[in-house]
Amino acid sequence: MSKQKISKEMSIRRAKTMTEVVISLVIVGTCGFFVKNTFSNMKEVTSSSYFDQTDIEVTTPTDNVNIDPNQTIYESHQVDTKDKFRGDLILVNEEHQYFGGDEDLVSITDMNYENERTCFTAVDSTYTILRQVYEPMAQMIQDFYDKYNNDTLIIYGSYRDTEFQQQLYENDLAQNGSDDSTKVAKPGFSEHETGLAFDFSETENYDYTGKGDFEWLNANCFKYGFIVRYTAAKEKITKIQDEPWHFRYVGIPHAYYMDSKDLCLEEYIDIIREHPYDGQHLDFSDNNGNDYEVYFVASDDGAEKTNVPVPTGTRYEISGNNVDGFIVTVYKGQKPVVEEAPTKAFEDAENDTDSEDDSSEDSDDQ
Ligand SMILES: [Zn+2]
């Protein structure tokens with residue numbers, strides 16, 4: 001824990017303690033006042049009938065306690081500092097490596113079979129994706145199918161382990177006779193290694209353009225928690241060319257906000273950092289009228305644990321940003337179910353024996 005951090009935490013704690021002391025004094029004082037007046041009242045009543053009731057009305061408990069009953073109350077929650085590398089909002093790009101392992105993956109083909117979904121396919125049963133990504137992805141494609149009666153979509157890229165990314169990278173270097181690839185991310189730096197991203201293809205030729213009927217997917221994916229991660233307009237920031245086929249899961253509130261403000265993930269992560277816990281939180285509502293509150297908590301990089309303030313009695317999620325801290329998402333006015341994204345994604349991890357031989361995937365993608 002850094003010195004600055006300690007003094008910050010202490011000052012917060014001190015302020016909190018002071019508040020508690022003041023409240024306690026007011027309560028004790030008020031009770032004392034009432035007890036005192038009850039006694040004096042009894043005394044006065046017995047001795048005189050001219051006891052002046054207006055004395056009591058001068059001070060009421062609420063006059064001195066300036067607390068808004070609708071105000072959110074936060075409590076400290078300890079998370080593993082290394083969990084800043086985990087969660088739905090991690091930023092993985094050429095500057096920020098993915099430190100993964102133990103991803104909770106499901107086979108897309110198996111899940112389609114179990115759920116009797118025939119509106120899309122994966123290349124084969126070795127194609128896996130994070131468990132929490134499958135359902136929103138499948139639901140989005142189901143809604144697309146219901147609208148356009150088109151069942152030709154193929155998941156042509158999904159989770160890749162680092163060895164496979166290495167293989168793709170080396171193949172691309174060999175093909176282009178170069179020592180750097182502009183098409184394939186370096187091993188450890190691809191979103192596909194997180195299990196949060198997938199690629200569409202219309203046929204087996206890796207040809208998804210997001211045009212025609214498919215335009216609906218690119219325009220509506222935010223409603224399911226996805227962003228089109230690499231667009232031509234943001235190429236200077238993402239350093240990756242237009243990839244209309246590459247979708248990345250971030251969760252509904254964040255996909256909604258990024259879509260409505262036209263932000264790429266790099267920009268959004270920077271904006272959230274400007275909304276720290278002890279500053280102005282990012283408050284917004286999505287197109288369904290759900291209210292959210294989002295704020296940033298810097299990771300305590302010298303310590304094993306980081307204190308993350310979270311709201312009491314309200315559903316929230318914590319995700320690392322893979323750079324310097326945690327992002328807390330508060331689901332206001334929804335049922336109080338506590339979810340912790342970083343650990344949830346890695347609990348009940350399956351042994352990943354499926355992902356070794358998915359080398360049939362085309363390499364023209366990050
Ligand atoms: Zn991709």
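This tour moves through the structure stop by stop, naming what to select and what is there.

**Before you start**

The model is predicted: local features need pLDDT of at least 70, side-chain atom pairs count only at pLDDT 80 or more, and totals for chains, interfaces and linings use all residues. Residues are numbered from 1 along each chain as its sequence is written, and side-chain values use heavy atoms, with hydrogens and water left out. Helices (H or I, at least four residues) and strands (E, at least two) are DSSP runs, numbered from the N terminus.

**Stop 1: the four-stranded sheet**

Select β9, β10, β13 and β12. They make an open sheet of four strands in the order β9-β10-β13-β12, with antiparallel pairing. Strands pair here if DSSP finds at least two bridges between them. The edge strands are β9 and β12 (315–320), each of which pairs on one side only. From one strand to the next the twist averages 20°. Axes are lines fitted to C-alpha atoms, for helices over the stretch in contact, and angles run from 0 to 180 degrees between N-to-C directions.

Now zoom in on β12 and β13. Six bridges pair them in the antiparallel sense. Arg315 has Tyr331 in β13 as its bridge partner, and Gly320 has Phe326.

Colour β12 by burial. Buried means under 20% relative accessible area, exposed over 50%, and partly exposed in between (1.4 Å probe, protein chains only). On that scale, six of the six residues of β12 are buried. Which residues point which way? Arg315, Glu317 and Ser319 go one way, and Tyr316, Ile318 and Gly320 the other. In a regular strand the side chains alternate between the two faces of the sheet.

**Stop 2: helices on the sheet**

Contact means heavy atoms within 4.5 Å.

**Stop 3: salt bridges**

The whole structure holds 16 salt bridges. Each is a side-chain nitrogen of Lys or Arg within 4 Å of a carboxyl oxygen of Asp or Glu.

Begin with Lys84 and Asp301, whose closest N and O atoms are 3.0 Å apart. Lys84 sits in the loop between β1 (74–80) and β2 (105–107) and Asp301 in the loop between β10 (291–298) and β11 (305–311), so the pair ties together parts 217 residues apart in sequence. Lys84 counts as buried, at 8% relative accessibility.

Go on to Lys234 and Glu267, with closest N and O atoms 2.9 Å apart. Lys234 is in the loop between β7 (226–230) and α8 (235–238) and Glu267 is in helix α10 (residues 265–273), so this pair links parts 33 residues apart in sequence. Lys234 is buried too, with a relative accessible area of 12%.

Asp283 is in strand β9 (residues 282–285) and Lys332 in strand β13 (residues 325–332), so the pair ties together parts that are 49 residues apart in sequence. Asp283 is partly exposed at 44% relative accessibility, and Lys332 is partly exposed at 31%.

Finally, select Glu191, Arg229, Arg248 and Glu266. Salt bridges with shared partners join them into one network.

**Stop 4: two asparagines**

Asn112 is found in helix α4 (residues 108–114). Is Asn112 buried or exposed? It is buried, with a relative accessible area of 5%. Its side chain makes a polar contact with that of Tyr134 at 2.6 Å. A polar contact is a pair of N or O atoms within 3.5 Å; within protein, one must be able to donate a hydrogen and the other to accept it, and residues adjacent in sequence count only if both atoms are side-chain atoms. Not counting residues up to four places away in sequence, Asn112 touches Arg117, Phe120, Thr121 and Tyr134.

Jump to Asn307 in strand β11. At 17% relative accessibility, Asn307 counts as buried. Its side chain makes polar contacts with the side chains of Ser76 at 3.0 Å and Gln78 at 3.2 Å.
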